[in-house]
Amino acid sequence: MKAKLIILLLGFSLFGYSQKKETKKSVTIKPKTEFVTELISKMTLEEKIGQLNLPTSGDITTGAANSSNVAKNIEEGKVGGLFNIKSVQKIREVQKIAVEKSRLKIPLLFGMDVIHGYETTFPIPLGLSCTWDMKLIERSAQIAAQEASADGINWTFSPMVDVSRDPRWGRVSEGSGEDPFLGSQIAKAMVHGYQQDDLSKNNTILSCVKHFALYGAPEAGRDYNTVDMSRIKMYNDYFPPYKAAVGAGVGSVMASFNEIDGIPATGNKWLMTDVLRKQWGFKGFVVTDFTGIPEMIEHGMGDLQTVSALALNAGVEMDMVGEGFLTTLKKSLAENKVSMEQIDNAVRLILNAKYDLGLFQDPYKYCDEKRAKTEIFTNSNRSEARKIAAQSLVLLKNQNQVLPLKKSGTIAIIGPLADAKENMAGTWSVATNMERSVSLVAGIKEVVGNTTKVLYAKGSNLDYDAAFEEKATMFGKTLHRDNRTTQELLAEALKIASQSDVIVAAIGESAEMSGESSSRTNLEIPQAQKDLLQQLLKTGKPVVLVLFTGRPLVLVQEDETVPAILNTWFAGSEAGTAIADVLFGNENPSGKLSATFPRSVGQVPIYYNQKNTGRPLLNKEGKFEKFRSNYIDLRNEPLYPFGYGLSYTTFDYSNLHISSDKMNFNDKITVSVDVTNTGNYDGKEVVQLYIRDLVGSVTRPIKELKGFQKIALKKGEKKTVSFQITVEELKFYNSDLEFIAEPGVFQAFVGTDSSTDKKVSFELSK
């Protein structure tokens, strides 16, 4: 943002706004560097440390802001921002305390976990990633920013870009899957969606990329657990999405809970200073995760004073909830354990963010009640959410073209997730109005209208174990457990099934079976629902499995027995109508998996871009071979590979061509392929480019995604899709962590998913 000219208006303070007339229009103030430097010079040590403190508000009740404990701290200059407070009216009350009662009248940041939408909720991030459509993903973040900013929020703790190859980890639902290239494109799209390259606008918000770093690779898939990997793996496989977000101009970064090279990320100077700032040039501020500083005590790094100093020295500027900075930095400064320069630098970065957001010009910029009434959960936003959700669904199986369904006859919708509107938004949907979300039953009834008879039965509970179901339905996402016996629930389901022409089985995970602290050792559908599904199959009626999940599941039995499987993830507040649009052919499914689905939890971690061993399994049938890298009880290949997803139509790939079989470091070559819609429906296809480096100074993956294009083809239409390859697509980090390309032979694969074997070869030379 360009520096402003100095215009000091009569009757205004240094900060350029009236403290008593909160409706005053924004004014122009001094350029950022000069303004912030001047402000810091006026601050006491306590006020400086206060800017580094980020407590939770507890969502202050309207009218009680002035009497709360947090209000006292704000008035004393001990708070830099708040999170978990919602609504213009509440935020205005708290902001007034900061800009009218504190000595220097510094406005607050207001943050919230706006993860996949605000009140208009989009598919969980893992689902969004399966659209492979960067414009749609960016648009979802833009709408989220518009709604959140209309309700007083100016900072979101999103996007989460942690690469994860272990579906036992619950937070795989919050990320973009297993691939660094796809994850990097999504990271850029999300940051741009939130910030729009102009934080001075009142409908954009500050983005915070998380969790830096490696949070998606915990041992045993258990949340918050130890992470241990080589630096070459960090740089090639796990760092790229964070780096892409920094390159896109993300304003803040959140530290992860895990350790890196034996030092927790929150106190890791190599990570926060050497990598993030010196290597990548990050200019924003770093915030801890919830109580990240005091949690280093349990890691064995020292007492609260010690770990707080460790974090500040590492390059962390804001302490979320822990209050380690607030209570110990003054003492650490006196004991020369931290420096005033470090404190001033941290304060400067936070004040810079407030300046960029325009809060010094107008602290009530995000407190427009007219916007709050007209820009949140609008029909227009809901319509876009419905369309985006439809493109996130992944058709895993469609034997004998059971789908799309006809809008006629009788349909039985059976399963504990069929009429579960509270679960449709999925995990981390803190602003969602669950009562206004659309269930599958409601969505199907809306789409089919009066042309089709719709019957419903619950069929089973989520799980036989009531205690497990309670853990899996937290935060108001109840499934209203039915106290009838298993036999009674089944009998009701079979009765309506006998009256139907087709059965839609709505089963899988509940929304809170994935997400933070929702790791699982069993990746199958809960047994109560598996038993229900098998009984429905025995009726002889066509069965469509509508699968709800926040992670890749083990679906071997379902794949073998169910004719059609539509993976819907958790598709957001418009889930029911979006799923119905796909079931009945209003929308042709086009989603592609961004994470591999294993055959067994014993294959985990599993991902497409693995490396060969010295004894790879050579046969294509997955047959066991002694003294080769395989299992004695299961084939190596996943059930559904990365990039996989079916359509109601079919696509043929032909005429794979490369413009030259040789290139030097300054050349560009083009790989092209003809894609023809050979089926009976118009549809969309994600054409994917993978590259393999056959010989390297370090071992290289068997394939790496390097490009993709989502194209629309009408029935019978053919398009030529081209990918340009430069030396940049061939670069990697070597053992010295140099980002280089090496001469040699490469293979380029183009196809419908990562299992494609259609390839051409070329040689890179200097």
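**Entry 1**

I started at Pro 404, which sits in the loop between β11 (394-398) and β12. Helices here are DSSP runs of H or I with at least four residues, strands are runs of E with at least two, and both are numbered from the N terminus. Before going on, I noted that this is a predicted model, where local features need pLDDT of at least 70 and side-chain atom pairs count only at pLDDT 80 or more, while totals for chains, interfaces and linings use all residues. I also noted that residues are numbered from 1 along each chain as its sequence is written, and that side-chain values use heavy atoms, with hydrogens and water left out.

I found another cis bond running from Lys 210 to His 211, with omega near -10°. His 211 belongs to strand β5 (residues 206-212).

**Entry 2: the whole chain**

Next I stepped back. I counted 22 helices and 26 strands in the protein chain. The C-alpha trace spans about 80 × 65 × 50 Å along its principal axes. How does the radius of gyration, taken over C-alpha atoms, fit a compact globule? The chain has 27 Å, which agrees with the value near 27 Å for a compact globule of 766 residues; that rule is 2.2 Å times the number of residues to the power 0.38.

I then looked at cover. Of the 766 residues, 61% count as buried, meaning under 20% relative accessible area; exposed is over 50% and partly exposed lies in between, with a 1.4 Å probe and protein chains only. The accessible surface comes to about 29,200 Å², and 48% of that belongs to carbon and sulfur atoms. These areas come from the Shrake-Rupley method with a 1.4 Å probe, and for residues only the protein chains shown count as cover.

Contacts came next (heavy atoms within 4.5 Å). Among those with a separation of 6 or more, 78% join residues 24 or more positions apart.

For charges, I found 90 positive and 90 negative, with mean positions 4 Å apart. Lys and Arg count as positive, Asp and Glu as negative, and His and the chain ends are not counted. Each charge is placed at NZ of Lys, CZ of Arg, CG of Asp or CD of Glu.

**Entry 3: two cores**

I looked for nonpolar cores, which are sets of buried Ala, Val, Leu, Ile, Met, Phe, Trp, Tyr and Cys residues joined through side-chain atoms within 4.5 Å. Which residues have the most contacts inside the largest one? They are Trp 155, Phe 212, Phe 239 and Phe 285, in a core of 78 residues. Helix α14 (residues 340-356) gives the largest share of this core, eight residues. A second, separate core has 77 residues, including Ile 444, Met 513, Ile 565 and Ala 595.

I followed Phe 285 further. Beyond four places in sequence, its contacts include Leu 109, Trp 155, Leu 206, Arg 277, Leu 349 and Ala 353.

**Entry 4: some buried spots**

Leu 566 is in strand β16 (residues 564-567). I list Leu 566 as buried because its relative accessible area is 0%.

Thr 596 lies in the loop between α22 (575-583) and β17 (651-658). At 3% relative accessibility, Thr 596 counts as buried. Among its contacts beyond four places are Glu 178, Pro 552, Tyr 608 and Phe 642.

Asn 381 is in helix α16 (residues 379-392) and is buried too, at 3%. Leaving out residues up to four places away, Asn 381 touches Thr 120, Ile 143, Gln 146, Glu 147 and Glu 375.

I also checked helix α20 (residues 527-537), where eight of the 11 residues are buried. Lys 530 and Leu 533 are among them. The buried residues of α20 pack against β12 (410-414), α19 (486-498), β14 (502-508), β15 (543-548) and α21 (556-561).

**Entry 5: positive phi**

Tyr 224 is not a glycine, yet its phi is positive, about 70°. I found Tyr 224 in the loop between β5 and α8 (231-238), partly exposed at 35%. Leu 737 also has a positive phi, about 60°, without being a glycine. Leu 737 sits in the loop between β23 (732-733) and β24 (739-740), and it counts as partly exposed at 28%.
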